[in-house]
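Here's my quick note on the model you sent over. Have a look at the structure first, then read on.

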Amino acid sequence: MKIVDAKVIVCCPGRNFVTLKLTTEDGVYGLGDATLNGRELAVASYLKDYVIPLLIGRDARRIEDTWQYFYKGAYWRRGPVTMSAIAAVDTALWDIKGKVMNAPLYQLLGGASRDAVLVYGHASGSGIEETVQAAAHYIKGGYKAIRAQSGIPGLPSTYGVGRGVMYYEPAEKDAPPENSWSSEAYMNFVPSLFARLRKEFGNELHLLHDVHHRLTPMEAARLGKELEPHHLFWLEDPTPAELQEGFRLIRQHTTTPLAVGEVFNTIYDCQQLIQEQLIDYIRTTVVHAGGITHLRRIANLAEMYQVRTGSHGATDLSPVCMGAALHFDLSVHNFGIQEYMKHTDETDRVFPHAYKFENGLMHPGDAPGLGVDIEEELAAKYPYAVAYLPVNRKLDGTMHNW
Ligand code: GCO
Ligand code: MG
């Protein structure tokens with residue numbers, strides 16, 4: 001079953017997406033997401049200039065071999081550009097296999113381990129009361145788990161505060177916006193946000209929070225400790241995780257569960273975090289961590305150490321990735337939770353999909369393969385527009401983590 005055609009579709013139905021479409025000699029096609037927010041064209045070029053010429057003529061059935069061929073064959077290993085390109089190929093091949101076998105992808109991955117997948121939505125506001133209102137809106141919509149972010153008194157802008165109730169989109173056209181930051185102001189404020197949320201909504205609701213890599217390990221330890229009475233589902237990216245042993249310090253001081261991994265690309269980025277049980281949830285996702293094939297390896301390692309999955313699912317991960325992630329979530333035994341941010345209506349029209357949200361849970365649907373398609377003619381009406389993620393500076397002008 002030879003691959004006879006491969007194309008990269010770049011479109012911007014509200015935000016940029018890069019999609020790989022592979023077609024076999026029998027006319028079956030598969031899709032893979034290759035979107036790397038703010039650096040989209042680098043992956044598009046990697047695919048077009050280096051991967052596609054080697055894909056044409058290969059047997060579409062050989063998923064594992066193709067993965068190894070592009071991972072080992074490039075000599076230059078790992079990294080977000082390489083691994084997103086490999087992920088796109090891998091996802092498209094799983095999609096093809098599902099269609100050929102006439103089965104939804106989760107059936108090929110061992111079948112469903114649960115009835116449906118718990119997801120969390122994003123509630124945010126410029127201050128505590130607005131965030132409480134946003135959370136109420138999600139609860140009304142059936143959500144059982146909510147990530148809460150709020151503007152911080154004294155700071156003009158910060159990570160995670162959306163535009164409108166249901167959408168959050170950090171990338172901006174033309175040039176990177178600049179945010180400003182004070183760890184002191186943030187740490188003094190965040191516990192009061194969660195005290196208020198618990199007071200309003202009680203104990204049953206799952207509450208999550210994203211620190212977005214902004215604290216030192218000791219600062220994160222203090223925050224985790226102060227949040228303990230509000231028993232978060234997780235505290236995400238408390239400190240940059242290039243320093244994996246930095247998490248030991250946080251762990252020694254707090255029982256607040258930790259989640260890390262949206263910027264990781266391989267199992268080697270989280271090996272120590274998992275094996276030393278320094279985290280509770282691994283957030284690697286299909287598009288940025290080498291596709292279904294590699295994500296299953298990470299999940300299998302994590303399972304041995306009672307670490308669960310919690311895949312990244314922001315709007316910069318296209319519906320193709322969302323579909324793939326839901327098949328993975330449904331099938332893998334040590335699933336924890338899935339992030340879900342609704343895409344814009346334009347995006348949903350460009351990528352019709354079988355997955356559904358109902359009562360706080362999602363299901364990938366039973367269409368063969370991923371159950372996600374692309375309307376190419378419609379996609380062509382939304383051409384790529386350069387956009388950057390923000391940068392972040394401390395109040396004295398020092399560059400900080402965004
Ligand atoms: C999250 C993430 C996102 C990222 C974005 C970057 O937890 O959802 O932190 O908001 O910042 O996906 O491209
Ligand atoms: Mg995050």
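The points below go through the two ligands and what sits around them.

1. Keep in mind that this is a predicted model, where local features need pLDDT of at least 70, side-chain atom pairs count only at pLDDT 80 or more, and totals for chains, interfaces and linings use all residues. Residues are numbered from 1 along each chain as its sequence is written.

2. Start with ligand 1: 16 residues surround it, and the closest are Tyr159, His212, Glu262, Asp316 and Glu339. To count as near, a residue needs a heavy atom within 4 Å. That shell has five nonpolar, four polar and seven charged residues (Asp, Glu, Lys and Arg are the charged class; Ala, Val, Leu, Ile, Met, Phe, Trp, Tyr, Cys and Pro are nonpolar; the others, Gly among them, are polar).

3. Which atoms come up against ligand 1? In the side chain of glutamate 339, an N or O atom is 2.4 Å from an oxygen of ligand 1.

4. Now the magnesium ion (ligand 2): its protein donors are Asp210 (OD), Glu236 (OE) and Glu262 (OE), at 1.9 to 2.2 Å. Donors here are N, O and S atoms within 2.8 Å of the metal (3.2 Å for Na, K and Ca), and water is not among the atoms, so sites may look incomplete. Along the chain, the spacing reads D-x25-E-x25-E.

Definitions and conventions
Chains lettered and ligands numbered in written order. Heavy atoms only, no water. Polar contact = N/O pair within 3.5 Å; in protein donor to acceptor, adjacent residues only side chain to side chain.
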